[in-house]
Amino acid sequence: MFRWKLSTNLRARSKHISTFSSSCRSFTSPRPLSSLTLTVLRNRKFERSSRTRGLKTYFAELQTRSRRRSFSSSYTMAAPPTNLTDAVVAAMKTLFPEELADSAWDNTGLLLGQAPLSTPEPKESNNTVLLTNDLTSAVVDEALEEGAKMIVCYHPVIFRPLKSLTTKDPMQTQLLRLAAARVSVYCPHTAMDAASGGLNDWLCDILLGGEHQLELKRTVAQPIAARPLPEGHQGAGYGRTVELARPVTLQALLKRLSSGLGDQRYMMVALPRARALDDLTQTQQITKVAVCAGSGADVLKDTDAQVLVTGEMAHHYALRHTQMGQIVVAVFHSNSERRYLEARLKPMLEVELETTAYGDTRVLVSRADRDPFEVVDVRHLA
């Protein structure tokens, strides 16, 4: 264990501080943002409309942690990480505690470690982390081309117990390639879903379209129960429900969703019986929306929201909701998740790493990662 002076930590951070208040007004929070917070956002190019609540929540927590430490002139902390993998794992656990994951079925955490060398490895001067939603051969190609030392993959790369590790399985093949190249893989999955400022809060922010005064109340659709949660995460859980201060049309919600997901052109919409989409988009007044990234059937099954937004939903679940007068919007599974990596995770991870020995780490978002489905109009086929 090491004892670090708070003043030393602040001096290390202060070298980055500059004036930036005029361009960060959208980051208002109940607690004023520090100059450090403004600095780490300097020259970062990501969408204001999709970043506000999650980053505000994260920066407020960052400020709270600093205030807790300031009660004494020094504080005790674990030894600083000695490699990039440990540094990123520590950062991810801070952002999305693994205790939030649904361990009854999910598999989160460091799923592929970095193989040790027989001789000491020289310190790497070019540390790169690649963020991806799924691990595919194209993503592994990209990681190796970029010289990535670690991959943060949202979906678990090992889901069920392995009895062998061979090239007969596509995922196992990619893991063998990464192991040979000494690239580690961390998977946050449902911990990122449940955390405050995580995936589901981001989806809510998209539907608000930057109008945060429109939000009357936000609640967790399926709270985590029957197990203790980390400090500051009490009440966390899966899915979110947002009540709006004034009604909006379905048309407005769909357009906001499209924009926030990267101008997605096509969505699947399940409508109540005998209602036409053209009529609903113009006349339906929405005051309550529920969201769940990925597959939301189980998480959203008991919601009374008028509109349910998710990545995918099985036929009979969607049919049930439409018979209850609800509208289901499905954007394809990974499309409800992928954009979060660029809009939220990348800047948050950069901030967490900035005051470690790995503050110069390149954090990249995969360009090869994509949803496996394409919408094809067969009339245009030759």
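Mentor: Strand β3 is joined to strand β6 (residues 184-187) by 3 bridges, and the two strands run antiparallel. Within this pairing, L110 has Y186 in β6 as its bridge partner. The structure is a predicted model, in which local features need pLDDT of at least 70 and side-chain atom pairs count only at pLDDT 80 or more, while totals for chains, interfaces and linings use all residues. Residues are numbered from 1 along each chain as its sequence is written, and side-chain values use heavy atoms, with hydrogens and water left out. Helices (H or I, at least four residues) and strands (E, at least two) are DSSP runs, numbered from the N terminus. Two strands count as paired if DSSP finds at least two bridges between them.

Angles run from 0 to 180 degrees between N-to-C directions, and axes are lines fitted to C-alpha atoms, for helices over the stretch in contact.

Let us turn to the charged side chains. A salt bridge is a side-chain nitrogen of Lys or Arg within 4 Å of a carboxyl oxygen of Asp or Glu, and a search of the whole structure finds 18 of them. One of these joins D134 to R338, with the closest N and O atoms 3.8 Å apart. This pair links distant parts of the chain, 204 residues apart: D134 is in the loop between β4 (128-132) and α5 (137-146), and R338 is in the loop between β12 (327-330) and α12. Both D134 and R338 are buried, a term that means under 20% relative accessible area, with exposed meaning over 50% and partly exposed the range in between (1.4 Å probe, protein chains only).

Another salt bridge brings together the side chains of D201 and R240, at 3.1 Å from N to O. D201 lies in helix α8 and R240 in strand β8 (residues 237-249), so the pair ties together parts that are 39 residues apart in sequence. D201 has a relative accessible area of 3% and is buried; R240, at 4%, is buried too.

R338 also forms a salt bridge with D369, and here the closest N and O atoms are 2.7 Å apart. Since D369 lies in the segment after β13 (362-365) and R338 in the loop between β12 and α12, this pair ties together parts that are 31 residues apart in sequence. D369 counts as buried at 8% relative accessibility, and R338 is buried with a relative accessible area of 15%. Elsewhere, salt bridges with shared partners join D201, D205, E215, R218, R240 and R344 into one network.

Two helices deserve attention next. Helix α8 (residues 199-208) packs against helix α12 (residues 339-354) at an angle of about 100 degrees, and their axes are 11 Å apart. The two are therefore roughly perpendicular to each other; that label covers angles of 65 to 115 degrees, whereas under 35 is roughly parallel, over 145 roughly antiparallel and the rest oblique. On the α8 side, L199, W202 and D205 take part, and they meet R339, Y340, A343 and R344 in α12. By class, this contact has 4 nonpolar, no polar and 3 charged residues. Ala, Val, Leu, Ile, Met, Phe, Trp, Tyr, Cys and Pro count as nonpolar, Asp, Glu, Lys and Arg as charged, and the others, Gly among them, as polar.

Finally, consider one further residue. K217 has its place in strand β7 (residues 215-223) and is partly exposed, with a relative accessible area of 46%. Not counting residues up to four places away in sequence, K217 touches T241, V242 and E243. K217 and E243 are 26 residues apart in sequence, yet 5.1 Å apart in space, C-alpha to C-alpha.

Note on methods: Contact = heavy atoms within 4.5 Å.
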